[in-house]
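Look at the model first, then read the notes.

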Amino acid sequence: MTKNSEPRAFITQYMRLLPAPSVPEISLYTAHPGSGLWRLLGRDNDTPPYWAYHWAGGTVLARYILDRPETVAGKRVIDLGTGSGIVGIAAAQSGAIRVVAIDIDPLAVVATSLNAERNGVTLHAVCADILTGPPPQADLILVGDLFYAPSLAEAVLPFLKMCRSADIDVLIGDPGREPLPRADLQLLANYPVADFGDPCESAPRISGVYAL
Ligand SMILES: C[S@@+](CC[C@H](N)C(=O)[O-])C[C@H]1O[C@@H](n2cnc3c(N)ncnc32)[C@H](O)[C@@H]1O
């Protein structure tokens, strides 16, 4: 299969559908050493395939939602920076009436749609950058591991504050990465969860769910 192969076929053929670490209720197509992801991405691609791995921020937020379905039940939810879709899938499983999963990476949208199908839930996966637009039509914005780079954090935080001013609730899952705007956040819960790239033998990271 080559760089231009159809992404759905590549993901189903070369990745493994595995229970997510710390969130076994959700199975995700996950890359492994034999996946050869470069064949899908292209050798010169500089967009990391975040959607192919598990991240502590999304993991902790998904865990929180599944343990407290009342957080999302009956609400219109946006999963911003959806990656694999883990947070949006948790919201759909927990009774959200509408889930829109948004990412700037078109492959994340493909992976999220596939993962949602495999977990038997419906969500709308959209490729868009909404950070410079108006507050979306939503009751709750879920943000899993989007504060991983200072420049991105500088764009995300004002957008989320604008959403809060428009009465949209915001929940953030994060393992305490450097750009996380701690001063603006209220810690709701902590869980020990795995993060992609951590050595197998290392202890899980204490990661937090925060309200903005
Ligand atoms: C570290 S991954 C986290 C994925 C998922 N939320 C999780 O926790 O497993 C960050 C994701 O945010 C996406 N992203 C980066 N900038 C974005 C933006 N401006 N709007 C939407 N998504 C963005 C990336 O493409 C990537 O899929």
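Which residue stands opposite Cys127 in S5? It is Asp103. The model is a predicted one: local features need pLDDT of at least 70, side-chain atom pairs count only at pLDDT 80 or more, and totals for chains, interfaces and linings use all residues. Residues are numbered from 1 along each chain as its sequence is written.

**Overall form**

- The protein chain has 6 helices and 9 strands; these are DSSP runs numbered from the N terminus, helices (H or I) of at least four residues and strands (E) of at least two.
- Its radius of gyration, taken over C-alpha atoms, is 16 Å, close to the 17 Å that the globule rule gives for 212 residues, so the chain is as compact as a globular protein of that length. The globule rule is 2.2 Å times the number of residues to the power 0.38.
- The C-alpha trace spans about 50 × 40 × 35 Å along its principal axes.

**The sheet**

- An open sheet of mixed pairing is formed by 7 strands in the order S5-S4-S3-S6-S7-S9-S8; two strands pair if DSSP finds at least two bridges between them.
- Strand S5 (124-127) and strand S8 (186-193) are at the edges with a single partner strand each, so one side of each has no neighbour in the sheet.
- From one strand to the next, the twist averages 20°. Angles run from 0 to 180 degrees between N-to-C directions, and axes are lines fitted to C-alpha atoms, for helices over the stretch in contact.
- S4 and S5 run parallel and are joined by 4 bridges.
- Helix H5 (residues 106-118) packs on the sheet, where H5 touches S4 and S5, and its direction makes about 170° with that of S5. Contact means C-beta atoms, placed from the backbone, within 7 Å.

**Around the ligand**

- Among the 24 residues around the ligand, Tyr50, Gly58, Gly81, Gly83 and Gly144 come nearest; a residue is near if its C-beta atom, placed from the backbone, lies within 6 Å.
- Helix H3 (56-67), helix H4 (86-93) and strand S4 (98-103) each give two or more residues to this shell.

**Two residues with positive phi**

- Most residues other than glycine have a negative phi.
- Asp145 has a positive phi, near 60°, and lies in the loop between strand S6 (140-144) and helix H6 (150-165).
- Asp145 counts as buried because 27 C-beta neighbours lie inside 10 Å; the cut-off is 20 or more.
- Asp167 has a phi near 70° and sits in the loop between H6 and strand S7 (169-174).
- Asp167 is exposed, with 8 other C-beta atoms within 10 Å; exposed means 12 or fewer, and partly exposed is in between.

Methods:
Contact = placed C-beta atoms within 7 Å.
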